[in-house]
Amino acid sequence: MADKNKTTSPAHLPDHGPIDENGREVLLSVKNIDITFGKGDDAVKAVKNASFDIYKGETFSLVGESGSGKTTIGRAVIRVNPLAAGEIDYKGVRISGKIPKSLDRDVIRNVQMVFQDPAASLNERATVDYIVSEGLYNFHLYENETDRVQKVENIIKEVGLLPEHLTRYPHEFSGGQRQRIGLARAMVMEPELVVADEPISALDVSIRAQVLNLMKKFQKEKGVTYLFIAHDLSIVRYISDRIAVIYKGNIVEIADAEELFNFPLHPYTHSLISAIPIPDPELEKNKELYTYDPSIHDYSVDKPQMVNIGHNHFVYGNTKEIEEYKMLREKGEPIKSINIVSHEQKLKDDEAARIKEEDDDKTLESKLSSGDYIINAPVHDTGNMWYGVLGFLFPIIGLILWEVFKTKKYYRNYKMTKKGTVAGFILLAVIVGVFFITLIFAGI
């Protein structure tokens, strides 16, 4: 991580950021930040002690499921979400909290954002010309009107639109075209850092590739740096240099893109990679999903921390877990995240599940007859016959009640509802069968 020394807030940003031990320029440094919403007992800590650096010219991706805190961090970088703790440095200068107005303008000028929803992020009452030009107007980044028009037309062409589109309004464009307008609005400012908040999640698959290629083109030509926020790891692998994985506000793993996919050490990263769809439907059907269970971690005594285990690979864990991660990584054998179960194995698993269900029914009988259950049974677990009648008359409702009672451990009610529902489905099947037989004979 970058230098942890306290930074000052001068009136303007310097030309270059600090250089790390590997000779890379640190453009953005997020240092131990907490972001909290609400106050007192209602306070929710959305981000907890998050730290990472972004180097000039790279694409740094922040990946996690919905609600994990990705967008919250992105909005903190552009100074929309205030920090409860920690700080954010840009080129070695603190930009979080209260800063001089001139520095704030420098940050707005140098850090732009592309939003997830291309429709909601554009002013429906403004023309494309005004939308793209707004930043130029605010910072007077043009010499005269001819220069402004030239800059706007050039950027519109670069994103694949035409100059005649400038007189139109956002509602006249498709989703992919709107996102191109959003990208043009950001890039016309010639920013050094662009926060891209799931910029392709609302787009069709074919359009996604076009927008990603546009972003890579701008990075190659203009040297722009991206903080790319996403939940789709397959997309992230294509565009990223480094990836950070975030779970419920905690960053759990940071590594180079290929390093992370070859050696997903944290169980949550493992689960995200296992969820990537496989194009072959047969393989996808037989894929074994890995589900992350946070209860596997015991942090009651040995507290976790983010540790560099080598290979520029950071993992979040306690002392015991870090040692295990180091051993796995030092083996140098890529970790298999996606497991395809053979057809024979799937049949065996289905048979095992059937036997388990039969065993569960036997266990249920023993529970119902045990003295402990008779004494401690829930008050309303009476096994009332009306549950059976309801299941018989309305099998679909009975099926729902059956699952609810089983989950809540109302075993007598569950058993009665199950009997009635099964009988109801049998009767329904008989009625449907008789109906079709009657139709056949009537046709003859």
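Is the crossing of helix 3 and helix 4 right-handed or left-handed? The crossing of these two helices is right-handed, where right-handed says that the near helix is turned clockwise from the far one by less than a right angle, and left-handed that the turn is anticlockwise. The model is a predicted one, in which local features need pLDDT of at least 70 and side-chain atom pairs count only at pLDDT 80 or more, while totals for chains, interfaces and linings use all residues. Residues are numbered from 1 along each chain as its sequence is written, and side-chain values use heavy atoms, with hydrogens and water left out.

To start with the overall picture, the protein chain has 16 helices and 14 strands. Of the 444 residues in the protein chain, 43% are buried, buried being under 20% relative accessible area with a 1.4 Å probe and protein chains only (exposed is over 50%, partly exposed in between). Among contacts in the protein chain with a separation of 6 or more, 67% come from residues 24 or more positions apart; a contact here is a pair of heavy atoms within 4.5 Å.

Back to the helix pair. Two packed helices are described by the angle between their axes and the distance between the axes. For helix 3 (residues 128-139) and helix 4 (residues 145-158), the axes come within 10 Å and cross at roughly 120 degrees. That makes helix 3 oblique to helix 4. Axes are lines fitted to C-alpha atoms, for helices over the stretch in contact, and angles run from 0 to 180 degrees between N-to-C directions. Angles under 35 degrees count as roughly parallel, over 145 as roughly antiparallel, 65 to 115 as roughly perpendicular, and the rest as oblique. On the helix 3 side, Val128, Asp129, Val132, Ser133, Leu136 and Tyr137 meet Arg148, Lys151, Val152, Ile155 and Ile156 of helix 4. Sorted by class, this contact has seven nonpolar, one polar and three charged residues. Nonpolar covers Ala, Val, Leu, Ile, Met, Phe, Trp, Tyr, Cys and Pro, charged covers Asp, Glu, Lys and Arg, and polar covers the others, Gly among them.

Helix 3 has another partner in helix 5 (residues 175-187), with axes that come within 7 Å and cross at roughly 30 degrees. Helix 3 and helix 5 are therefore roughly parallel to each other, and helix 3 passes helix 5 in a right-handed crossing. Val128, Ile131 and Val132 of helix 3 make the contact with Ile181, Ala184 and Arg185 of helix 5. By class, that contact has five nonpolar, no polar and one charged residues.

Eight strands form an open sheet in the order 6-7-8-3-9-10-13-12, with mixed pairing; two strands pair if DSSP finds at least two bridges between them. Strand 6 (111-114) and strand 12 (305-308) are the edge strands, each pairing on one side only. From one strand to the next, the twist averages 20 degrees. Within this sheet, strand 7 (residues 193-197) and strand 8 (residues 225-230) pair in the parallel sense over five bridges, and Asp197 stands opposite Ile229 in strand 8. Helix 2 (residues 101-110) packs on the sheet, touching strand 6 and strand 7, and its direction makes about 45 degrees with that of strand 6. Helix 11 (residues 319-331) also packs on the sheet, touching strand 12 and strand 13 (314-317), and its direction makes about 145 degrees with that of strand 13.

An open sheet of four strands has the order 2-1-4-5 and antiparallel pairing. Its edge strands are strand 2 (44-55) and strand 5, each pairing on one side only. Strand 1 (residues 26-37) pairs with strand 4 (residues 85-90) in the antiparallel sense over five bridges; here Val30 stands opposite Ile88 and Leu28 opposite Tyr90. Strand 4 and strand 5 (residues 93-94) pair over two bridges, again antiparallel, and form a hairpin with two residues between them, where Lys91 in the turn has a positive phi of about 55 degrees. Helix 1 (residues 70-77) lies across strand 1, strand 2 and strand 4, running at about 120 degrees to strand 1.

Finally, eight of the eight residues of helix 9 (residues 267-274) are buried, so helix 9 is largely enclosed by the rest of the structure.
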